[in-house]
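Have it open while you read.

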Amino acid sequence: MTTAGQPVTGAVLRLRWRRPWTRQSINNFLWGLLFTFPTIIGLVWLVIYPVTASLYYSFTSYSIFGRYKWIGLSNYKALLNDQNFWISLYNTIYFVIFSVPLGIVVALILALLLNMKVRGMAIYRTIFYLPSIVPAVASAVVWSYVFNPQYGILNNLLRLIGINGPGWLASPVWAKPALIIMSTWGVGSLMIILLAGLQDVPQELYDAALVDGATWWPRFWHVTIPFISPHLFFALVTGLIGGFQYFTQVHVLTGGSGGPARSTLVYALYLYQNAFQFFKMGYASAMAWILFVIVVLCTLLVFRNLSGRIYYGGM
Amino acid sequence: MTAKWSQQSLSRRSFLKAMGLGATAMALGACVPATPVPAAPAAAPEAAEVEATPTPGREAPTGRKTTIELFEIWGGGLFDQWVKLAEIYERDHPDVGVKVTFAPGHGDNPKLLTAVAGGVPPDVAMIVDFSTAQWVELGVMLDLTPYFDAAGLKGDDFWPAAWYLMNYKGKVWQMPFDVDPNFPFFWNKGIFRDAGLDPEKGPATIDEVNEFSRKINKIEDGKVTRIGMVPWWTYGFGNSIYTWGWAFGGSFYDAAKEEVTPDDEYVIKALEWMVNYAKEVGGPDQVAVTPPGLQVHFFGAGNVGMTPMVSANLRDVMKYNPDIEIGQGLLPYQPPGEQDPGAGAWISGWRLFIPAGAKNPDAAWDFIRWVVCTPEGTETEWNTLGFPPGWKDAPVFEKIKADPIMKPYYDVLLTAKHAKDPIPVGAFYQAQLEELTGEAIYERMTPAEAMQEAKKRTMNEWQRFKEQQG
């Protein structure tokens with residue numbers, strides 16, 4: 001229960017435990033358990049059990065069918081010697097390093113544009129948001145048209161300014177940049193979040209800065225950015241977590257092969273191949289847990305280095 | 001800074017707003033119909049293009065004594081043909097109903113495998129040539145030998161290469177309803193004429209293919225806009241190296257040593273040919289002969305001089321691009337490894353099997369037998385699905401011989417001697433060939449390096465399979 005001005009936090013929970021175990025409080029607790037029972041079942045059955053099972057299977061030669069046995073760390077050792085593992089890790093990190101910052105910058109630029117007081121802004125907001133709700137498979141197919149080396153829009157535009165465009169998705173060198181460009185289509189939801197953040201920046205500070213003679217860049221860097229820093233931080237962390245698991249568009253565009261010449265073989269795709277094409281479920285489980293550790297480490301790194309610099313005063 | 005609302009009404013109002021938005025979002029999300037994934041352009045030979053319709057499915061008619069379930073991998077037009085076939089079967093077998101379920105899968109088949117693992121397999125399912133040995137080892141398939149012998153069937157009743165694939169470790173595991181003769185060879189007579197070549201005479205050897213290509217290739221601004229042939233586009237890198245490896249006289253498996261042999265000297269020669277061909281036109285990523293979203297085989301775009309094709313693609317091209325004049329012949333071969341036209345041809349195709357744990361194996365076998373090796377069943381299959389049957393004595397072969405489109409496929413059926421060898425890590429081997437042939441074509445490895453790596457990886461994986469799952 002909240003009292004005015006006091007959000008529900010651990011403080012209230014801690015308060016509860018200090019109360020004696022009266023019949024009323026036990027009763028309340030049981031009712032609470034009853035109501036959350038379905039969610040707990042779902043969580044245990046669909047999340048905790050599969051995750052624990054996958055940890056167990058990563059130490060076995062499990063293949064869904066047939067016999068399997070405990071092989072200890074063999075899967076993990078084999079992964080370290082597997083060329084495709086390192087290639088897929090490299091491809092994924094390449095993708096994350098470029099697409100996450102690019103996505104945040106594009107979303108921020110769009111949010112800044114949408115924050116202006118122009119007529120019909122609601123329509124523009126909708127238009128910019130629409131691409132992110134197009135189903136991933138459909139948008140991947142559309143983008144394969146855009147990137148077609150001879151007939152696609154992109155190469156035709158480049159030809160107009162005299163550049164002979166590359167093979168994009170057909171070229172091992174340009175396939176990853178093509179995927180990175182394609183990923184900017186999904187910035188809609190991030191744009192909305194940043195827009196909400198921008199609208200909370202107090203106008204008085206902008207006015208004060210103007211009075212002090214600040215131009216647009218100092219205003220942006222010293223007023224806007226600190227106030228939306230929590231949102232940017234959120235974008236970075238979720239972008240990292242999502243980027244490492246990038247899969248759908250690559251699978252659609254390459255038919256599950258990660259081509260051309262393994263240039264788009266991202267980590268999740270290689271995991272999928274091992275699990276469902278080669279029946280190496282134990283191996284794939286080991287890959288999944290290694291990915292988990294990598295993502296946790298990256299997230300901790302980001303938190304450790306950046307959370308001190310986030311300004312929560314605007315919230 | 002002034003707070004905009006008081007904390008108390010903030011929590012209640014925004015809570016209600018959030019619930020409203022969340023409920024709306026979930027309702028909208030549920031309204032999007034499930035669409036099947038469109039087949040990727042360089043898909044396996046028989047992949048039909050799928051339209052954006054709700055997931056196909058067909059319930060068995062009520063009131064039948066037994067119902068069997070069939071998992072169908074293609075969806076789209078072929079799914080409808082399977083339904084027609086099921087209806088005709090039901091008409092002739094009033095006790096049995098056939099439920100047809102869409103379970104997509106070419107390189108993988110998650111729905112089928114999940115159903116088998118979960119103990120609710122269908123009664124009839126489809127499998128591709130290179131997977132049999134592995135699925136048998138994993139215990140996914142039911143041994144059909146008792147049914148086969150009881151029906152009085154023999155190996156001679158089937159095409160030799162098809163029979164080779166039906167067997168593993170002395171038992172029969174699947175029945176071929178579709179033998180793909182891979183491939184006859186086709187050329188665009190108009191392009192030949194334009195390049196100054198005789199439109200009635202196709203290339204006999206690979207050397208002639210190179211010679212003709214030099215006259216046909218057109219390169220504009222670095223992009224190849226017309227090409228003689230695209231050797232690595234024979235249904236994926238893996239199938240391409242198989243086809244041309246065999247055309248050069250190579251071999252991919254040594255049964256005596258139980259070893260895969262992609263590093264066979266003729267296979268490497270074939271790969272070297274493909275790599276040099278790509279180099280001559282400026283690189284595989286410069287080939288720009290197809291518009292985006294092309295729904296027929298790339299031959300239908302009219303920019304490729306010669307290519308192998310499966311019958312379904314040939315039919316499509318003839319239907320949607322009728323102004324292309326098509327010449328036909330057998331696959332080019334390359335001496336000294338091979339001496340006969342069409343020597344590289346191989347048999348592939350999809351087969352029906354009964355998953356382990358199926359509820360109605362007897363009824364499933366009756367259905368499979370009807371489709372695969374009875375006169376009425378094969379006739380129905382030919383009229384609906386349009387694949388050449390695996391059963392040699394099917395009466396439809398009289399029709400096939402007489403059909404001008406299908407005659408080249410019949411000729412290939414008679415002479416094809418190769419098939420992908422059944423090994424327990426078949427899918428893995430196919431994937432390695434696919435990947436490493438690509439590496440060679442994109443010049444990231446030499447052909448010899450690529451094929452040796454393929455052998456090393458596959459043998460390691462085979463060893464691991466024996467140790468960990470034997």
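The points below cover confidence, the chain contact, the domains and some helix pairs.

1. Ground rules first. This is a predicted model, in which local features need pLDDT of at least 70 and side-chain atom pairs count only at pLDDT 80 or more, while totals for chains, interfaces and linings use all residues. Residues are numbered from 1 along each chain as its sequence is written, and chains are lettered from A and ligands numbered from 1 in the order in which they are written.

2. Confidence. For the complex, the predictor reports an ipTM of 0.77 and a pTM of 0.81. Chain B has a mean pLDDT of 84, with 89% of its residues at 70 or more; pLDDT is the predictor's confidence in each residue, from 0 to 100. Helices here are DSSP runs (H or I, at least four residues), as are strands (E, at least two), numbered from the N terminus.

3. Contact means that the C-beta atoms of two residues, placed from the backbone, lie within 7 Å.

4. Where do the chains meet? The contact takes 40 residues from chain A and 38 residues from chain B. On the chain A side, helix H6 (136-146) and helix H13 (267-277) are the elements that give two or more residues, and H6(A) has the largest share, four residues. By class, that side of chain A has 19 nonpolar, 18 polar and three charged residues. The classes work like this: Ala, Val, Leu, Ile, Met, Phe, Trp, Tyr, Cys and Pro count as nonpolar, Asp, Glu, Lys and Arg as charged, and the others, Gly among them, as polar.

5. Domains of chain A. Twelve residues of domain 1 of chain A touch ten residues of domain 2 of chain A. Helix H2 (residues 23-57) of chain A gives the most to the domain 1 side, with three residues. That side has six nonpolar, six polar and no charged residues.

6. Domains of chain B. Each domain is written as two segments: domain 1 is 57-181 + 347-419 and domain 2 is 182-346 + 431-457. The centres of these domains of chain B lie 29 Å apart over C-alpha atoms, and 16 residues of domain 1 are in contact with 15 residues of domain 2. On the domain 1 side, the elements giving two or more residues are strand S8 (180-182), strand S16 (346-348), helix H15 (407-415) and strand S18 (418-419) of chain B. H15(B) supplies the largest share, five residues. The side as a whole has ten nonpolar, four polar and two charged residues.

7. A helix pair in chain A. Helix H4 (residues 83-114) and helix H9 (residues 188-199) of chain A pack at about 50°, their axes 8 Å apart. Axes are lines fitted to C-alpha atoms, for helices over the stretch in contact, and angles run from 0 to 180 degrees between N-to-C directions. H4(A) is therefore oblique to H9(A); angles under 35 degrees count as roughly parallel, over 145 as roughly antiparallel, 65 to 115 as roughly perpendicular and the rest as oblique. The residues in this contact divide into eleven nonpolar, one polar and no charged.

8. Two pairs in chain B. Helix H16 (residues 426-441) and helix H17 (residues 447-469) of chain B pack at about 160° with axes 9 Å apart, so H16(B) and H17(B) are roughly antiparallel. Helix H2 (residues 76-92) and helix H13 (residues 375-384) of chain B pack at about 155°, with axes 9 Å apart, and H2(B) is therefore roughly antiparallel to H13(B). In the latter pair, Gln81(B), Lys84(B), Leu85(B), Ile88(B) and Asp92(B) meet Glu376(B), Thr380(B), Glu381(B) and Thr384(B). The contact of H2(B) with H13(B) has two nonpolar, three polar and four charged residues.

Definitions and conventions. Domains from an automatic or database assignment.
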